[in-house]
Amino acid sequence: MDEDAVLSDAEGGEETQEEELGEEKEVDNNAVACFKGQPFAQLTYLQWLSMAINQLTELDGLVGPALESLNLTGNGIQKLKGLQSVCFANLVTLELRGNHLDTTDGINLPNLRRLYLAQNVIKRLEGLERLERLTTLHLRDNQLDSLDGLNPNMKCLQYLNVRGNAILDENGLQCLGLVSKSLRALILSENPLVETTDYRICVLILLPKLERIDKDPVSPEERAEAWERIKERKEEEIPEP
């Protein structure tokens with residue numbers, strides 16, 4: 001179906017805007033290449049928009065003051081511009097899987113709760129300090145070799161998935177300590193790090209409150225061992241008289 005046909009009902013002025021209250025729009029698989037010239041700015045009440053598997057390379061022209069969920073999976077987006085809170089004040093779920101992003105920078109959405117960035121080419125975590133209410137961050141199948149860029153401003157982060165990246169050892173995990181108060185589940189499988197037999201203990205030393213690592217919950221034995229190692233490290237740091 002041609003995207004002009006799908007979107008034509010958004011061009012009817014004030015009466016159409018009233019009909020859009022609480023409405024959803026799906027414009028998947030329509031070869032849409034840009035937002036400019038599309039009537040999205042008129043969709044004052046649109047709350048859910050899916051434009052997955054199109055040919056988008058940028059977000060200029062998209063404004064959604066009432067938008068709560070935006071799905072841009074499977075496009076060709078390389079940089080995130082225009083994702084500002086003034087344009088998307090109510091956005092809580094953003095899906096950008098399967099694009100060509102190499103950084104997380106450009107997302108200035110303090111109210112965002114869920115961010116899905118799997119299957120990009122992300123090498124750097126940047127700009128995450130703006131995501132103060134984020135609870136879920138999905139970064140599976142990217143090219144991260146460390147988690148540098150996690151920020152203590154991310155006080156609500158509970159779930160982090162970095163499966164299938166390039167994290168070699170525990171040095172790449174040190175920034176996890178910055179979100180240790182809130183994080184409850186961490187997915188690390190398919191990273192080189194997991195080849196080490198005690199990677200779960202290394203993680204628990206950084207994140208003592210973690211409840212799940214990969215598919216398995218943290219056992220009482222693992223938690224006790226982690227606390228013992230934390231205690232040993234603290235004792236080693238005490239200078240001899």
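Let me begin with a question: is Arg 140 buried, partly exposed or exposed? Arg 140 has a relative accessible area of 28%, which makes it partly exposed, where buried means under 20% relative accessible area, exposed means over 50%, and partly exposed lies in between, computed with a 1.4 Å probe on protein chains only.

Before I go further, please keep in mind that this is a predicted model, in which local features need pLDDT of at least 70 and side-chain atom pairs count only at pLDDT 80 or more, while totals for chains, interfaces and linings use all residues. Residues are numbered from 1 along each chain as its sequence is written, and side-chain values use heavy atoms, with hydrogens and water left out.

On confidence, pLDDT is the predictor's confidence in each residue, from 0 to 100; its mean over the chain is 87, and 88% of the residues reach 70 or more. Over residues 1-21, however, pLDDT stays under 50, and for that stretch the model has 34 contacts beyond four places in sequence, a contact being heavy atoms within 4.5 Å.

Now to the salt bridges, by which I mean a side-chain nitrogen of Lys or Arg within 4 Å of a carboxyl oxygen of Asp or Glu. The structure holds 10 of them. One of these joins Arg 130 to Asp 105, with the closest N and O atoms 3.3 Å apart. Arg 130 lies in the loop between strands E7 (114-116) and E8 (136-138), and Asp 105 in the loop between strands E5 (93-95) and E6 (107-108), so this pair ties together parts that are 25 residues apart in sequence. Helices (H or I, at least four residues) and strands (E, at least two) are DSSP runs here, numbered from the N terminus. Arg 130 counts as partly exposed at 29% relative accessibility, and Asp 105 counts as partly exposed at 32%.

Returning to Arg 140, its salt bridge is with Asp 141, the closest N and O atoms being 3.4 Å apart, and Asp 141 is partly exposed at 27%. A further salt bridge, between Arg 229 and Glu 225, has its closest N and O atoms 2.9 Å apart; both residues lie in helix H4, four residues apart, about one turn of the helix. There is also a network of salt bridges that links Asp 102, Arg 124 and Glu 126.

Asp 148 is found in the loop between E8 and strand E9 (159-161), is partly exposed at 44%, and, leaving aside neighbours within four places in sequence, is in contact with Leu 125 and Cys 175.

In strand E8 itself we find His 138, which counts as buried at 12% relative accessibility. Residues up to four places away in sequence aside, His 138 touches Leu 115, Tyr 116, Leu 117, Ala 118, Tyr 159 and Asn 161.

Finally, helix H3 (residues 199-206) is mostly covered, with eight of its eight residues buried, among them Tyr 199, Arg 200 and Cys 202. What covers them includes strands E10 (185-187), E11 (212-213) and E12 (216-217), together with helix H4 (220-237).
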